[in-house]
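Work through the exercises below with the structure in view. Each task is followed by its solution in steps.

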Amino acid sequence: MRKQFLFIFLALIVANTSQAQGKTTRIGYIDMEYILENVSDYKEAKSQLELKAQKWKQEIEAKKLNINSLKEGLKTEKALLTKELIEERETEIKFQENEMLDYQQKQFGADGNLMRQKAALAKPIQDQVFTAVQDIAETKNYDFIFDKSSDLTMLFSNKRFDISDQVIRILNRTDKREQLNKKQLKEQEAKENRENEIDENPAMADRQKALDERRAAREKLIEDRRLEQEAKKKEYDDRRKAMQAERDAKKNGTVSETAKTTEAVKTDATAKPASTTETTTTPAETAASKAEERQKLYEQRKKELEERRKKILEEREAAKKAKEAETQKTNTTNN
């Protein structure tokens with residue numbers, strides 16, 4: 001604990017000295033536990049280790065059940081046994097209890113197999129994380145980068161100084177690069193540059209979010225139109241097939257299913273009382289109804305896009321005001 005406070009004290013001295021010389025000190029932090037949980041290789045190996053630990057627990061439970069069974073048997077038969085047999089049984093039970101405790105300590109103790117294998121599992125990923133942190137520190141000129149999950153006590157940490165996601169992206173990029181060709185590698189590098197720019201500029205992240213939302217809205221509109229066209233095409237094909245089947249039936253002298261259905265409808269209409277009227281819909285009315293539905297759908301989509309555009313403009317304005325306020329606050333502090 002004394003070393004930690006000494007380290008923080010020295011860090012503050014260095015920070016104050018740097019600021020006094022006109023240089024801004026850059027500080028960041030990572031969460032090693034969060035990073036490990038989001039690395040696919042570590043998650044897979046950890047799940048296998050958990051299965052192994054579950055098997056160890058089952059073996060321990062089986063040993064406990066066996067010991068309890070021996071104790072119950074001795075308790076039941078104790079009145080019928082000699083002193084020597086009782087002592088022999090008790091010695092056997094004690095031996096199995098010690099054996100079970102030793103096995104439990106071996107697997108789950110502070111220096112047991114589970115802890116050792118966890119450490120061995122995390123070590124390669126931690127080495128990669130340290131390398132990635134050094135690259136980020138050198139590229140983006142960080143003065144200090146801490147580990148939030150270590151023994152160092154952090155009473156407060158602002159999320160905007162957290163570079164854990166940047167480290168995860170670097171680790172994932174390393175795995176992907178091995179499987180990319182030259183063109184894909186070039187596209188990946190361009191994507192990485194954009195991500196780095198977003199990390200450096202929060203306002204750019206808001207703009208990128210707005211662009212992604214607009215792109216998603218356009219893609220949804222295009223997809224809806226495509227589905228509508230496919231539905232129209234299917235309806236047209238079904239109608240054409242029905243007409244062709246009816247013509248073929250008349251030509252061959254047989255009655256098609258469509259014709260039978262039409263004839264049945266006519267018979268039912270004739271059989272109904274004169275007082276009952278049946279409303280029929282003409283093709284023109286059907287087309288008008290569909291056109292009206294399409295118009296309503298179009299108006300609804302137009303309204304949704306307009307609302308989304310207003311929301312995006314409001315978010316931009318809010319981000320702009322927040323940035324101006326932060327700039328003004330910084331200028332006031334410097335003055």
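**Exercise 1.** Find which residues Asp 162 touches, not counting residues up to four places away in sequence, and describe the place of Asp 162.

*Solution.* Step 1: with contact taken as heavy atoms within 4.5 Å, Asp 162 touches Tyr 29, Ile 30 and Asp 31. The model is predicted: local features need pLDDT of at least 70 and side-chain atom pairs count only at pLDDT 80 or more, while totals for chains, interfaces and linings use all residues. Residues are numbered from 1 along each chain as its sequence is written, and side-chain values use heavy atoms, with hydrogens and water left out.

Step 1: Asp 162 sits in the loop between strand E2 (144-147) and helix H6 (164-177). Helices (H or I, at least four residues) and strands (E, at least two) are DSSP runs numbered from the N terminus.

Step 2: the relative accessible area of Asp 162 is 17%. Buried means under 20%, exposed over 50% and partly exposed in between (1.4 Å probe, protein chains only), so Asp 162 is buried.

**Exercise 2.** Compare the span of helix H4 with the expected one, and list its buried residues.

*Solution.* Step 1: helix H4 covers residues 83-108, which is 26 residues.

Step 1: the buried residues in H4 are Ile 86, Ile 93, Gln 96, Glu 97, Met 100, Tyr 103 and Gln 107.

Step 2: the cover over these buried residues includes helix H3 (40-77) and helix H5 (113-140).

**Exercise 3.** Search the whole structure for aromatic pairs and describe each.

*Solution.* Step 1: rings of Phe, Tyr and Trp (its six-membered ring) pair if their centres lie within 6.5 Å; planes under 30 degrees apart count as stacked, over 60 as edge-to-face and the rest as tilted. The search finds two pairs.

Step 1: Trp 56 and Phe 108 are edge-to-face, 6.1 Å centre to centre with 80° between the planes. Because Trp 56 lies in helix H3 and Phe 108 in helix H4, the pair ties together parts 52 residues apart in sequence. Trp 56 is buried at 9% relative accessible area, whereas Phe 108, at 27%, is partly exposed.

Step 2: Phe 144 and Phe 146 are stacked, 6.2 Å centre to centre with 5° between the planes. Both Phe 144 and Phe 146 are buried.

Definitions and conventions
The expected span of a helix is 1.5 Å times one less than its number of residues.
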